[in-house]
Amino acid sequence: MQSFKSTSILRHFLQKSRLVSQSRSFCGVSSNVLIDEPENTVLVEGKASSRTAILNRPHVLNAINYSIASRLMKLYKSWEDDPDIGFVVLKGNDRAFSAGGDIVSLYNLLKQGNFQDCKEFCWTMYSLVYVVGTYLKPHVALLNGVTMGGGAGISIPGTFRVATEKTVFATPETLIGYHPDAGASFYLSRLPGYLGEYLALTGDKISGAEMISCGLATHYSHSAKIHLIEEQLGTLITDDPSVIERSLGNWGEIVHPDPASILHRYLSSWINM
């Protein structure tokens, strides 16, 4: 059981110790990718006692830029403090949950020599991962599509993760000369054997069935049932994780990894040697 008091104190300390101003605006940045209006990049649906945040940059697979990260931070803080909201749902618009951080925006900022805004984005993004991982209310992520890098970072640390046959998970940071970040060192290191090390070093992709098999997902359902899951969640008036878990379980399916899955190779021999 996490300590609500200690979590609040640590968050307060992080806010006070920032090296960059919380009131910075990106309106003057020339990159079109970075200055999406926050209200458009994250849509909100209100339900009985829950709120659903929808990542809404489908043209870039819902890549997370400053607008998305900062708006989610404000929304999550507001919802956490609202006694009428029992839990939060997070999903992506169209065929992706989120492909991760918007590295195109960061690249453009670096080319411009705008290091301060790069630091602002990273601080906000990593703070968001922390908020999801320590959220005081149940958090449901619907991973119906591409879920990579920072997209995994704002979903895997949460309470529930629903995968489907459309889910494609990866931490591909090494492919661009970086390292898995956004909480990956925490959750990958807790996978069975050396599977986490393998995924981190290779950037290999795994499916929704593989996610549920190794513990990265908590539930699996066919994508055709996602709207039914959302409808049932929308009727719940609760903040009890066990009630939400039962609701998700109503639409759950038992699946097994494909015979060619990396999990079978891992279980049989060489990754775990």
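Q: What makes strand 1 and strand 2 a hairpin?
A: Three residues lie between strand 1 and strand 2 in the hairpin that they form. Strand 1 covers residues 42-46 and pairs with strand 2 in the antiparallel sense over five bridges. The model is a predicted one.

Q: How do you know that strand 8 and strand 9 pair?
A: Strand 8 (residues 168-170) is joined to strand 9 by two bridges, and the strands run antiparallel. Pairing asks for at least two bridges, so this pair meets the cut-off. One of the contacts can be named: Val 168 has Ser 207 in strand 9 as its bridge partner.

Q: Why are strand 4 and strand 9 called edges?
A: The sheet concerned is open, has four strands in the order 4-6-8-9, and shows mixed pairing. Strand 4 (96-98) and strand 9 (206-207) each have a single partner strand, so one side of each has no neighbour in the sheet.

Q: Why is Asp 94 called exposed?
A: Its relative accessible area is 53%. Exposed means over 50%, so Asp 94 falls in that class. Asp 94 belongs to the loop between strand 3 and strand 4. Its phi is near 75 degrees, which is positive although the residue is not glycine.

Q: Why is Leu 61 called partly exposed?
A: Leu 61 has a relative accessible area of 24%. Buried means under 20% and exposed means over 50%, so a value of 24% lies in between. This residue sits in the loop between strand 2 and helix 3 (66-81). Phi of Leu 61 is also positive in a residue other than glycine, near 55 degrees.

Q: Which residues of helix 8 are called buried, and what follows the helix?
A: In helix 8 (residues 195-202), the buried residues are Leu 195, Gly 196, Tyr 198, Leu 199 and Ala 200. The label means that each has under 20% relative accessible area. After helix 8 comes Gly 203, with a positive phi near 70 degrees. Over the chain of 273 residues, 49% count as buried.

Q: What makes the space lined by Lys 47 and Glu 230 a cavity?
A: A cavity is a set of points where a 1.4 Å probe fits but cannot get out. One cavity of 30 Å³ or more is found in the structure. The volume of the largest cavity is about 40 Å³. Its lining consists of Lys 47, Ser 50, Thr 52, Phe 87, Val 89, Leu 142, Glu 230, Leu 233 and Gly 234.

Q: How do you know which element gives the most to the lining of the largest cavity?
A: Helix 10 supplies three residues, and gives the most. Strand 2 (50-55), strand 3 (87-92) and helix 10 (226-235) each contribute at least two.

Q: How do the residues of that lining divide into nonpolar, polar and charged?
A: Four are nonpolar, three polar and two charged.

Definitions and conventions:
Residues are numbered from 1 along each chain as its sequence is written. This is a predicted model: local features need pLDDT of at least 70, side-chain atom pairs count only at pLDDT 80 or more; totals for chains, interfaces and linings use all residues. Side-chain values use heavy atoms; hydrogens and water are left out. On a 1 Å grid over the protein atoms alone, a cavity is a set of points where a 1.4 Å probe fits but cannot get out, and a pocket is an open set with protein on both sides within 12 Å along at least five of seven lines; lining residues have an atom within 4 Å of a point. Grid points are joined across faces, edges and corners, and a volume is the space filled by probe spheres set on the points. Ala, Val, Leu, Ile, Met, Phe, Trp, Tyr, Cys and Pro count as nonpolar, Asp, Glu, Lys and Arg as charged, and the others, Gly among them, as polar. Buried means under 20% relative accessible area, exposed over 50%, partly exposed in between (1.4 Å probe, protein chains only).
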